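Please work through each task before reading its solution.

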Amino acid sequence: MPSSTKFFHARQPPSVRSRLTVLILSGCLLVGLVGFVFGLTSLLKPVRGYKCLHGEPKSVRVVWERGSGGNGGGRSIGNGGLLDTENGNKRHKVMGFVGIQTGFGSVGRRRSLRKTWMPSDSQGLQRLEEATGLAFRFIIGRTSDRSKMLELKKEIAEYDDFLQLDIEEEYSKLPYKTLAFFKAAYALFDSDFYVKADDDIYLRPDRLSLLLVKERSHSQTYLGCMKKGPVFTDPKLKWYEPLGFLLGKEYFLHAYGPIYALSADVVASLVALRNNSFRMFSNEDVTIGAWMLAMNVNHENNQALCAPECTSTSIAVWDIPKCSGLCNPETKLLELHQKESCSRSPTLDSDD
């Protein structure tokens with residue numbers, strides 16, 4: 001017995017078969033045309049890049065509050081904190097965003113930085129961003145001292161290179177400031193890496209860019225100069241940890257505080273969590289390390305981020321272990337910048 005398909009065709013008049021053939025061919029042509037257009041569109045898509053947005057305000061005020069409270073004028077960042085860019089800007093695309101942590105007593109440090117590796121004018125910052133794919137801003141909170149706030153306002157108006165957080169600027173609250181920084185930076189910048197740096201290190205932006213742009217198999221990366229060490233439980237010591245009983249005798253692996261970087265996926269996870277769900281230790285670098293330990297991140301150790309002197313491969317230079325940064329940074333930054341090995345040595349794309 002013939003199959004149902006053959007039997008169906010055998011029963012159709014010639015005119016019906018012709019119409020069916022035309023319909024089938026038309027459908028095939030239509031599918032082929034759609035596929036061709038889709039493929040052509042894919043080929044014509046622009047290559048992903050890090051274009052600098054001309055006219056983008058350099059200084060931005062960000063409102064961040066501990067917990068889920070806040071005023072109604074801001075946009076929420078994840079489940080906790082608020083953002084108010086005051087300008088309604090879209091996220092600015094860069095390869096890396098570097099937040100230079102600074103304070104009200106660091107006017108001299110900022111002055112020295114602007115005379116060395118960090119440009120002192122908006123055009124210079126823009127050129128640096130276009131050359132490296134990195135955006136740089138000073139990160140600072142607030143204070144109840146009106147005179148200091150007034151001086152900061154003048155400095156912002158003159159240099160336009162700040163990201164201001166609405167959180168109290170206090171050394172004991174650095175972990176809170178750091179979390180506020182990552183949340184604000186993520187909301188403002190669409191970046192592959194978010195870098196926390198202190199204002200008392202000598203940095204080579206060109207080499208930092210080469211380090212961040214390298215291919216990595218792990219999307220969640222915690223990049224820094226890694227260390228371990230004893231937990232200080234004596235209240236008389238500088239690095240005293242009141243919650244030391246939770247940690248034991250030795251800290252877990254974590255990056256030195258003067259500079260480290262988190263990939264976008266890691267920061268996105270931080271942004272998604274409520275602020276009050278984080279364990280805050282006394283020391284900021286330990287706090288970040290604890291969060292990273294709880295997440296599925298890849299710890300990437302790079303000793304070029306904690307070089308004690310300038311070399312052909314050093315990325316960040318500071319006086320390890322004598323100081324947590326450069327000793328006497330206002331003067332030392334200027335001295336290092338005069339050395340050819342610091343400011344004028346070639347950039348090497350090392351695989352180390």
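**Exercise 1.** Is Cys-323 buried, partly exposed or exposed?

*Solution.* The structure is a predicted model, in which local features need pLDDT of at least 70, side-chain atom pairs count only at pLDDT 80 or more, and totals for chains, interfaces and linings use all residues. Residues are numbered from 1 along each chain as its sequence is written, and side-chain values use heavy atoms, with hydrogens and water left out. Step one is the scale: buried means under 20% relative accessible area, exposed over 50%, and partly exposed in between (1.4 Å probe, protein chains only). Step two is the value: Cys-323 has 26% relative accessibility and therefore counts as partly exposed. Its disulfide partner, Cys-327, is also partly exposed, at 23%.

**Exercise 2.** Determine how many disulfides the structure holds, and describe their pairing.

*Solution.* A disulfide is a pair of cysteine sulfur atoms within 2.5 Å. By this criterion there are three.

1. Cys-225 pairs with Cys-306, at a sulfur separation of 1.9 Å. Cys-225 lies in strand E9 (residues 221-227) and Cys-306 in the loop between strands E11 (298-301) and E12 (316-317), so the bond ties together parts 81 residues apart in sequence. Helices (H or I, at least four residues) and strands (E, at least two) are DSSP runs, numbered from the N terminus. Cys-225 is buried at 1%, as is Cys-306 at 4%.
2. Cys-310 is joined to Cys-342, S to S 1.8 Å. The S-S torsion of this pair is about 95 degrees, so the disulfide is right-handed.
3. Cys-323 and Cys-327 have sulfur atoms 1.9 Å apart. Their torsion is about 105 degrees, so this disulfide is right-handed.

With the bonded cysteines numbered in sequence order, the pairing reads 1-2, 3-6, 4-5.
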